[in-house]
Amino acid sequence: METTSSSRVGTQPAEAPEDAPPALTEPAEHPGQAAPGRPPEAAAPVPAARRAAAGYLNAAFPWYGLDGAFTGARWLMQVGTGADGTVEHGSTGHGDEPSARGEIATGEKDRFAVVVTVASNPLRRSGDGTGVLEATSVSSAAWLAGSGLLAYSWPPQMDHTRRDDWLDQQTEAAWELADDLTGPDWSTLSLPVDGEPTPFHYRESEFGWVLAGSTRNGVHLGAYGRGMSAYGLGFCAIADLGAYE
């Protein structure tokens, strides 16, 4: 049976934030490289259009968020599913609900941290049954986190049309960075996950920070944020999704 070389995580298209560009066209994979999980429109989850908790409850893996040291607002974002409807990843938000143009309108930066949970999947058949998809990886979580941060980043000197081009370029760069977690753009950061020190790949930019790692609980974690330091964060499995509604 033919085997495809794709590790993309399936998802339902996310609704775009206000003033966001239309869906991006996915670039071709780099020859000889396995692309990290890269669902179209995964970069644009919208807190304001919250999905019912039912989507999260259908997942066969535990969801993660910030641990009890964080006392601010918590909210659900959106789940991503495969072609067969299986929940494969999703995000939970903490702090301010970000807006792509929030800083331009108010002059103040949002303070938020978003945690992305990605199911750790073994090799599995593609939706059409013609091949096998590669397992998800830490790169999948890094890609989702990097593209998520871009969705809420808007250089103030750019108008809507120019931002479309900028977002295309930055999205491609985020994909390449996620596929090279051992490269010079990443450093290592140890943060607690379920109370245990866990290594994460970490990078900063003028728009915020991104990190990605794996847990002992069968999932990969990604996170991104702005206005909140990543160095003081801790993660834990969510015991009650009601805290996020």
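This is a predicted model: local features need pLDDT of at least 70, side-chain atom pairs count only at pLDDT 80 or more; totals for chains, interfaces and linings use all residues.
Ala173 counts as partly exposed at 29% relative accessibility, where partly exposed covers the range between buried (under 20% relative accessible area) and exposed (over 50%), computed with a 1.4 Å probe and protein chains only. Residues are numbered from 1 along each chain as its sequence is written, and side-chain values use heavy atoms, with hydrogens and water left out.

**Overall build**

- The chain has 4 helices and 11 strands, which are DSSP runs numbered from the N terminus (helices: H or I, at least four residues; strands: E, at least two).
- Buried residues make up 52% of the 245 residues in the chain, and the accessible surface comes to about 11200 Å², of which 50% belongs to carbon and sulfur atoms, as computed by the Shrake-Rupley method with a 1.4 Å probe, counting only the protein chains shown as cover for residues.
- Among contacts (heavy atoms within 4.5 Å) with a separation of 6 or more, 66% are between residues 24 or more positions apart.

**Core and helix 3**

- The largest nonpolar core has 56 residues, and those with the most contacts inside it are Trp63, Leu66, Trp209, Leu211, Leu221, Tyr224 and Phe235; such a core is a set of buried Ala, Val, Leu, Ile, Met, Phe, Trp, Tyr and Cys residues joined through side-chain atoms within 4.5 Å.
- Helix 3 (residues 138-151) provides the largest share of this core, 9 residues.
- In soluble globular proteins, nonpolar side chains tend to be buried together.
- Helix 3 is largely enclosed by the rest of the structure, because 14 of its 14 residues are buried.
- From its first C-alpha to its last, helix 3 reaches 20 Å, close to the 20 Å expected for its 14 residues at 1.5 Å a residue, the expected span being 1.5 Å times one less than the number of residues.

**Around the ends of helix 3**

- At the start of helix 3, a side-chain oxygen of Ser137 reaches to within 3.2 Å of the backbone nitrogen of Ser139.
- Thr136, in the loop between strand 6 (132-133) and helix 3, counts as buried at 6% relative accessibility, and a polar atom of its side chain lies 2.6 Å from the backbone oxygen of Ala119.
- Tyr152 sits in the loop between helix 3 and helix 4 and is buried, with a relative accessible area of 2%; Tyr152 and Asp110 are 42 residues apart in sequence and 9.6 Å apart in space, C-alpha to C-alpha.

- A search of the whole structure finds 1 salt bridge, defined as a side-chain nitrogen of Lys or Arg within 4 Å of a carboxyl oxygen of Asp or Glu.
- The side chains of Glu196 and Arg216 meet in a salt bridge at 2.9 Å, N to O, and the pair links distant parts of the chain, 20 residues apart, with Glu196 in strand 8 (residues 196-205) and Arg216 in the loop between strand 9 (208-214) and strand 10 (219-226).
- Glu196 is partly exposed, with a relative accessible area of 35%, whereas Arg216 is exposed, with 78%.
- Asp194, in the loop between strand 7 (187-193) and strand 8, has a phi near 55°, a positive value in a residue other than glycine, and counts as partly exposed at 40% relative accessibility.

Technical notes:
A polar contact is a pair of N or O atoms within 3.5 Å; within protein, one must be able to donate a hydrogen and the other to accept it, and residues adjacent in sequence count only if both atoms are side-chain atoms.
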